[in-house]
Amino acid sequence: MMPTNESELTDIIAGAEGALAVQGGGSRGIQLAGQELSTRGLCGIALYEPGALTLVAQAGTPLQEIEAVLAAEGQRLAFEPADMRGLLGIVGEPTIGGAVAVNSSGPRRVQAGACRDFLLGVRFVDGRGVVVKNGGRVMKNVTGYDLVKLMAGAHGTLGVLSEVSLKVLPKPEMAACVLIEGLSDGAAVQAMSAALGAPYDVTGAAHLPVGVDGAPVTMIRLEGFEDSVRYRAGRLAELLAAVAGSAGGVSVETDQARVAAGWRYIRDVEAFHGKPGDLWRLSVKPSEAPAIVEHIGADGVVYDWGGGLIWLRVREGRDLRADLGAVPGGLQGHATLVRGSGFARFHPEPAPLAAISRGLRAQFDPRGILNPGLMG
């Protein structure tokens, strides 16, 4: 089913007699039981005010369309939503509603924040077939449920998004990438921590134990006005050369096409495209990341968010959560299955949090028809 307006969406949900498998453009590869309900028919930009840095779009509007409209005005989505199609080996069309539903957040999260931090307002239809509106077109405080934040990352389990309002930001004049070659995972996390703690406004910090040329590379991004970027990149390179010592060479990349390609490589986890095995996404304390990776072992590793996000490629059917729970020294993490089968997609919630989640689903989807079983 593919409604073309909010009224049709309301009728479909209100009249549903069983489970609905809610999805946007089908670019995340999530397989669910129930009748498919796609928001792709809810398409179009309802309002765009470049001077107010505000955009309102229907949930099924393709991300590519939104990014093109913003680019024409020298603006962008600062939360850097990823394109997972190559990683998952699937086709589809990423949509703005899908990005909000999964709280898509790329490498820039370490500086700009997540998708939910740019979400101003939402319209959605809950599991009873009732239209709910929350938020608006400006940042403001709210009382009661902050449904704007709640819907970001709910994966369609609390309601089906029909429209979203977003804050957008100007595109920077220039981007540069400080590169450090040859660091171990531990040394790379130390370098990334030093960069993020320095006063140079870093907008990306990632490490590839196996880069495109087969050697380790650590990547630190800076963005802004050209003179400022060149100055900050030079100072940061000096700082990181002192941190890395003789362990790695430091250089600064300023070619805009190469910088953009390098961060797409991180954002979309291109290192794993076309590679076999299950894919897991771990959220950990950056300082603990190297020890966790060393204990677990993997066929492929990508560090993002200064080490706080780890992408792991492992053999099919491996229970990574059990391995994570056996890491010595009390090291902990949160594991999400991105590609694979045989295990729940999301990490089990602690009992108090699980009770809150059940209560929210009972409130917004009392019949339990919206993506049942996806999030517990």
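A residue counts as buried when its relative accessible area is under 20%, as exposed when that area is over 50%, and as partly exposed in between. The exercises below use a predicted model.

**Exercise 1. State where Val-125 is found, decide whether it is buried or exposed, and list what it touches.**

Solution. 
- Step 1: Val-125 is found in strand β6.
- Step 2: The relative accessible area of Val-125 is 0%, so this residue is buried.
- Step 3: Not counting residues up to four places away in sequence, Val-125 touches Glu-6, Leu-9, Thr-10, Ile-13, Val-130, Val-131, Gly-159 and Val-160.
- Step 4: Val-125 and Asn-371 are 246 residues apart along the chain, and 14 Å separates their C-alpha atoms.

**Exercise 2. Examine phi and accessibility for Asn-103 and Asp-201.**

Solution. 
- Step 1: Asn-103 is not a glycine, yet its phi is positive, near 55°.
- Step 2: Asp-201, also not a glycine, has a positive phi of about 55°.
- Step 3: The loop between α4 (96-101) and α5 (109-112) holds Asn-103. Asp-201 is in the loop between α7 (185-197) and β11 (202-208).
- Step 4: Asn-103 has a relative accessible area of 9%, so it is buried. Asp-201 has 41%, which lies between the 20% and 50% limits, so it counts as partly exposed.

**Exercise 3. Determine whether Arg-108 is buried or exposed, and name its contacts.**

Solution. 
- Step 1: Arg-108 lies in the loop between α4 and α5.
- Step 2: Its relative accessibility is 6%, so Arg-108 counts as buried.
- Step 3: Not counting residues up to four places away in sequence, Arg-108 touches Arg-76, Leu-77, Ala-78, Glu-80, Gly-113, Thr-203, Arg-221 and Glu-223.

**Exercise 4. Describe the largest nonpolar core and the contacts of Ile-220.**

Solution. 
- Step 1: This core has 39 residues. Ile-220, Leu-236, Leu-282, Ile-310 and Leu-312 have the most contacts inside it.
- Step 2: Helix α8 (residues 226-244) gives the largest share of this core, six residues.
- Step 3: Apart from this core lies another, of 32 residues, including Leu-55, Leu-70, Leu-158 and Leu-161.
- Step 4: Residues up to four places away in sequence are left out of the count for Ile-220. Among those it touches are Cys-177, Met-192, Leu-236, Leu-240 and Trp-263.
- Step 5: Cys-177, one of these contacts, is buried, with a relative accessible area of 3%.

**Exercise 5. Find how many disulfides the structure has, and check Cys-43.**

Solution. 
- Step 1: A disulfide is a covalent bond between the sulfur atoms of two cysteines.
- Step 2: Searching the whole structure gives zero disulfides.
- Step 3: For Cys-43, the nearest cysteine sulfur is that of Cys-115, 17 Å away. The cut-off for a disulfide is 2.5 Å, so Cys-43 is in none.
- Step 4: Cys-43 has 36% relative accessibility and therefore counts as partly exposed.

**Exercise 6. Characterise the largest pocket by volume and lining.**

Solution. 
- Step 1: The volume of the largest pocket is about 1200 Å³.
- Step 2: It is lined by 49 residues, and Gly-153, His-155, His-334, Phe-346 and Met-375 are the closest to its centre.
- Step 3: The elements that give two or more residues to this lining are α6 (147-151), α9 (256-267), β14 (278-284), β16 (309-314), β17 (333-339) and α12 (351-364).
- Step 4: The largest share, seven residues, comes from α12.
- Step 5: By class, the lining has 23 nonpolar, 14 polar and twelve charged residues.

Methods:
Residues numbered from 1 in each chain as written. Predicted model: local features only at pLDDT ≥ 70, side-chain atom pairs only at ≥ 80, totals over all residues. Heavy atoms only, no water. 1 Å grid on protein atoms, 1.4 Å probe; cavity = no way out; pocket = protein on both sides within 12 Å on 5 of 7 lines; lining within 4 Å. Points joined across faces, edges and corners; volume = space filled by probe spheres on them. Helix = DSSP H or I, 4+ residues; strand = E, 2+ residues; numbered from the N terminus. Nonpolar A, V, L, I, M, F, W, Y, C, P; charged D, E, K, R; others polar. Buried < 20%, exposed > 50% of the residue type's maximum accessible area, 1.4 Å probe, protein only. Core = buried A, V, L, I, M, F, W, Y, C linked by side-chain atoms within 4.5 Å. Contact = heavy atoms within 4.5 Å.
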